[in-house]
Amino acid sequence: MERASLHETDMKLHLWYPSAETGEVHQARRLVIQHLRARGFRIALDPETKKQYPVLSKDHHKGSKKLRTSVPLILEVKVVLSGRHLEIAFFQNHNFKNRNGGYYDFDKFEKAPYLVRKAYLLERDHIAEALRASGFPNLQHDRRPAGMDFIRYRREELCESHGDDFYSRPQCPSNSKMRSGLTLQDGMTVYCRRRGRVLRGTAYHHINNMWWVLLPGGDVINEGCFNLYSRCDIQNLKGRYFPGDQRKQRVERLLDSAVKAENFLRAQTLKTVRDGIECAAA
């Protein structure tokens, strides 16, 4: 008999049931929403779905929780029921690249602030335990392998779909050219920039021009070969550095917050900073 399962992918929990007809997945949805409210989340029907797709709104919930931190941080969540699949997607809107917000970003966990990541891990474990303790004995909390195990796992998946010789075939030269023009190889020490800082790790080919970089703590990031540097290039990298457009976006978000809070003295200071960034870019 097919078993229900709980899988995790990048700040999302996926609850799958063999069938939607038994009503178990609806019961799980009610349990998850009640649990989130008990954990301090303010949760209701997703207003965006309610406005755009009212017929689907009953199966789309959205909530948020303010974290008890010295810096104001918010962990947000969407609970979406579709057939026999219940998705519990956590996200944040403090550090994001997609112009529509953090929910639509890739690599959500990696982009999230440290304390938001820790809060997500805590909520994830609480949800898994609440489901197990409330009459769902067939659930399995399958966590994604980490570090080198994750890279091996994903490469095995790609070999299954693209052929066993996928990683032994000759590569297109443009898929392995670093920023300086040097050729990348598996196991090479590389450098890249994330959140303004220079990181050092070991490169392993992913697919096309994308490479996994295994960092010393076991974290894995996914970077294009054109964003990777060799030891020979490291002297050309600045220290902590943020591109002008990224600094401008950050200052504009702070400026909007200051205006909404009617903190006009801070708003004037931020406006001066923003104008300086624009002048430097001109």
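View 1. Buried here means under 20% relative accessible area, exposed means over 50%, and partly exposed is in between (1.4 Å probe, protein chains only). Lys-58 counts as exposed, at 53% relative accessibility. The two side chains meet in a salt bridge, 3.3 Å from N to O; the term stands for a side-chain nitrogen of Lys or Arg within 4 Å of a carboxyl oxygen of Asp or Glu. Keep in mind that this is a predicted model, where local features need pLDDT of at least 70, side-chain atom pairs count only at pLDDT 80 or more, and totals for chains, interfaces and linings use all residues. Residues are numbered from 1 along each chain as its sequence is written, and side-chain values use heavy atoms, with hydrogens and water left out.

**View 2. Glu-123 and Arg-39 form a salt bridge.** Their closest N and O atoms are 3.1 Å apart. Glu-123 sits in helix α4 (residues 114-132) and Arg-39 in the loop between α1 and β3 (42-45), so this pair ties together parts 84 residues apart in sequence. Helices (H or I, at least four residues) and strands (E, at least two) are DSSP runs, numbered from the N terminus. Glu-123 is buried, at 2% relative accessible area, while Arg-39 is partly exposed at 22%.

**View 3. Lys-78 reaches Asp-46 through a salt bridge.** Here the closest N and O atoms are 3.6 Å apart. Lys-78 belongs to strand β5 (residues 74-82) and Asp-46 to the loop between β3 and α2 (47-52), so the pair ties together parts 32 residues apart in sequence. Lys-78 is buried at 7% relative accessibility, and Asp-46 is buried at 3%.

**View 4. Glu-8, Arg-124 and Asp-125 are linked in a network of salt bridges.** By the rule used here, the count comes to 16 salt bridges.

**View 5. His-35 is a buried residue of helix α1 (residues 24-38).** Its relative accessible area is 16%. Leaving aside neighbours within four places in sequence, His-35 is in contact (heavy atoms within 4.5 Å) with His-126, Ile-127 and Ala-130.

**View 6. Helix α6 covers residues 244-260.** Its 17 residues reach 24 Å from first C-alpha to last, close to the 24 Å expected at 1.5 Å a residue; that expected span is 1.5 Å times one less than the number of residues. Val-251, Leu-255 and Ala-258 are buried. Seen down the axis of α6, the buried residues fall within an arc of 60°, so they line one face of the helix; the arc is that of the directions from the helix axis to the C-beta atoms. On the other side of α6, Asp-245 and Lys-260 are exposed. Glu-262 follows α6, with a positive phi near 60°.
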